[in-house]
Amino acid sequence: MNNMPEILPIIYLVDDDAMIRKLLESIIMSAFQVRVVSFDNAQIALKQAKNERPNLIILDLNMPAMNGQDALRVLRSAPETEKIPVIICTVESQEKIVRDLMENRIEGYILKPFEPEAIIDKIVQITGLASYQTTTDAASVDDKAMVFMLIGNNLRYKSFVKKALKKSFNAVIIDALDYAAANTLLQNNSPAAVLSSVENETESRNNFVSIIDQCRHRSIPIIACPGEVSQEFAQEIIQLGISDIILKPFTEKRLLDKVRKCLPHKL
């Protein structure tokens with residue numbers, strides 16, 4: 001008989017707000033068989049992470065002593081912690097900060113106030129951990145559910161699109177902050193469609209092609225969602241082989257009409 005204790009995956013919660021830590025711990029423990037370790041101080045969390053190497057760190061941005069941005073820089077500069085996945089907790093007003101954090105390779109973000117489903121989906125996506133929801137209740141994602149990938153770092157836009165897709169398609173969302181992350185995620189996932197924010201013409205022209213090629217090769221519809229772009233650039237990305245284009249700002253109805261138009265065989 002094997003009496004060795006089971007070694008569980010470890011998730012760190014680093015937030016100075018005790019209520020947030022308690023809420024996150026409750027959500028995570030109800031969905032995963034893991035060990036959760038909570039910290040109200042980033043410096044203590046970083047010191048312990050070097051020895052323990054957790055599977056995931058959920059990190060708040062606004063903390064005394066050491067904020068989330070500084071903590072992330074330390075994590076990424078140390079060989080013991082540089083590859084630990086990190087999810088940042090933020091609010092919409094900190095969108096520019098999240099863009100800056102992408103340079104330090106964050107794996108994702110959670111908007112406050114957050115929904116339990118969003119946290120669970122994000123942890124599954126980043127860590128590969130199976131939740132009780134997916135292993136013991138297959139009906140939790142029914143036959144009508146669809147998987148969509150969203151690409152971009154505009155948090156307000158992505159929050160709007162996520163809510164619309166979840167309401168209309170019972171959607172599961174794969175969230176990619178940039179094209180590099182999207183390329184990696186596409187290798188292991190087969191979404192029903194990809195919706196890509198296009199914020200910068202030069203950057204998009206240089207990096208968008210590989211995403212389009214992957215989608216075309218696998219018959220995955222891709223919808224470009226740019227802001228104000230030139231007519232020439234809009235025509236160029238259409239000619240690259242995208243399924244459709246929808247200019248921001250757009251209404252929920254217009255978004256869903258575009259998505260349904262790309263997915264007639266899947267509905």
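**Disulfides.** I looked for disulfides, taking one to be a pair of cysteine sulfur atoms within 2.5 Å, and by this rule the count comes to 0. Cysteine 225 is in no disulfide, the nearest cysteine sulfur, that of cysteine 262, being 9.9 Å away. Cysteine 225 counts as buried at 0% relative accessibility, where buried means under 20% relative accessible area, exposed over 50% and partly exposed in between, with a 1.4 Å probe and protein chains only. Cysteine 89 is buried too, with a relative accessible area of 2%.

**Basis.** I note that this is a predicted model, in which local features need pLDDT of at least 70 and side-chain atom pairs count only at pLDDT 80 or more, while totals for chains, interfaces and linings use all residues. Residues are numbered from 1 along each chain as its sequence is written, and side-chain values use heavy atoms, with hydrogens and water left out.

**Sheet.** I then traced an open sheet of 5 strands, in the order β2-β1-β3-β4-β5 with parallel pairing; strands are DSSP runs of E, at least two residues, and helices are runs of H or I, at least four, numbered from the N terminus, and two strands pair if DSSP finds at least two bridges between them. β2 (35–39) and β5 (108–111) stand at the edges with a single partner strand each, so one side of each has no neighbour in the sheet. β4 (residues 86–90) is joined to β5 by 4 bridges, and isoleucine 87 stands opposite glycine 108 in β5.

**Helix α10.** In α10 (residues 231–239) I found Phe233, Ala234 and Ile237 buried. Seen down the axis of α10, these buried residues fall within an arc of 105 degrees, so they line one face of the helix, the arc being that of the directions from the helix axis to the C-beta atoms. On the other side, Gln231, Glu232 and Gln239 are exposed.
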